[in-house]
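Please open the structure in your viewer and keep the sequence beside it.

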Amino acid sequence: MRSISKITFTSGVNAASAEFETHSQIDRCPLCGIALNENGVSPKCGYRKG
């Protein structure tokens with residue numbers, strides 16, 4: 001699976017967009033979006049990866 005991150009910037013009449021291939025996968029909490037720690041737990045809300 002290939003992951004791509006896209007960044008878009010718009011300000012008035014100026015606009016720019018760029019795509020980057022990601023090289024690592026970060027597990028994020030589905031509830032709050034914070035990256036999970038090494039134990040699979042969200043430090044913000046306490047969610048535990050199943």
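**First stop: A35**

Select A35, which lies in the segment after β2. Strands (E, at least two residues) and helices (H or I, at least four residues) are DSSP runs, numbered from the N terminus. The model is predicted: local features need pLDDT of at least 70, side-chain atom pairs count only at pLDDT 80 or more, and totals for chains, interfaces and linings use all residues. Residues are numbered from 1 along each chain as its sequence is written, and side-chain values use heavy atoms, with hydrogens and water left out.

Is A35 buried, exposed or partly exposed? A35 counts as partly exposed, because its relative accessibility is 29%. Here buried means under 20% relative accessible area, exposed means over 50%, and partly exposed lies in between (1.4 Å probe, protein chains only). Now display the residues around A35. Apart from neighbours within four places in sequence, A35 is in contact (heavy atoms within 4.5 Å) with I26, D27, R28 and P43.

Move to D27, one of the residues in contact with A35. Which residue forms a salt bridge with D27? The partner is K49, and the closest N and O atoms are 2.7 Å apart. The pair links distant parts of the chain: D27 and K49 both belong to the segment after β2 (14–21) and are 22 residues apart. A salt bridge is defined as a side-chain nitrogen of Lys or Arg within 4 Å of a carboxyl oxygen of Asp or Glu. By this rule the count comes to one salt bridge. In general, side chains of opposite charge can pair when their charged atoms come close. D27 counts as partly exposed, because its relative accessibility is 36%.

A disulfide is a pair of cysteine sulfur atoms within 2.5 Å. A search of the whole structure finds zero disulfides. C29 is buried, with a relative accessible area of 5%, whereas C45 is partly exposed, with a relative accessible area of 39%.

Next, switch to a cartoon view and select β1 (residues 4–11) together with β2. The two strands pair in the antiparallel sense over eight bridges; pairing requires that DSSP find at least two bridges between two strands. They form a hairpin with two residues between them, and G12 in the turn has a positive phi of about 65 degrees. Select F9, and opposite F9 you will find A16 in β2.

Continue along β2 to S17. This residue is partly exposed, with a relative accessible area of 48%. Leaving aside neighbours within four places in sequence, S17 is in contact with K6, I7 and T8.

**Last stop: the whole chain**

Finally, zoom out to the entire protein chain, which has zero helices and two strands. Along its principal axes, the C-alpha trace spans about 45 × 25 × 15 Å. Of the 50 residues, 10% count as buried. Among contacts between residues at least 6 apart in sequence, 0% join residues at least 24 apart.
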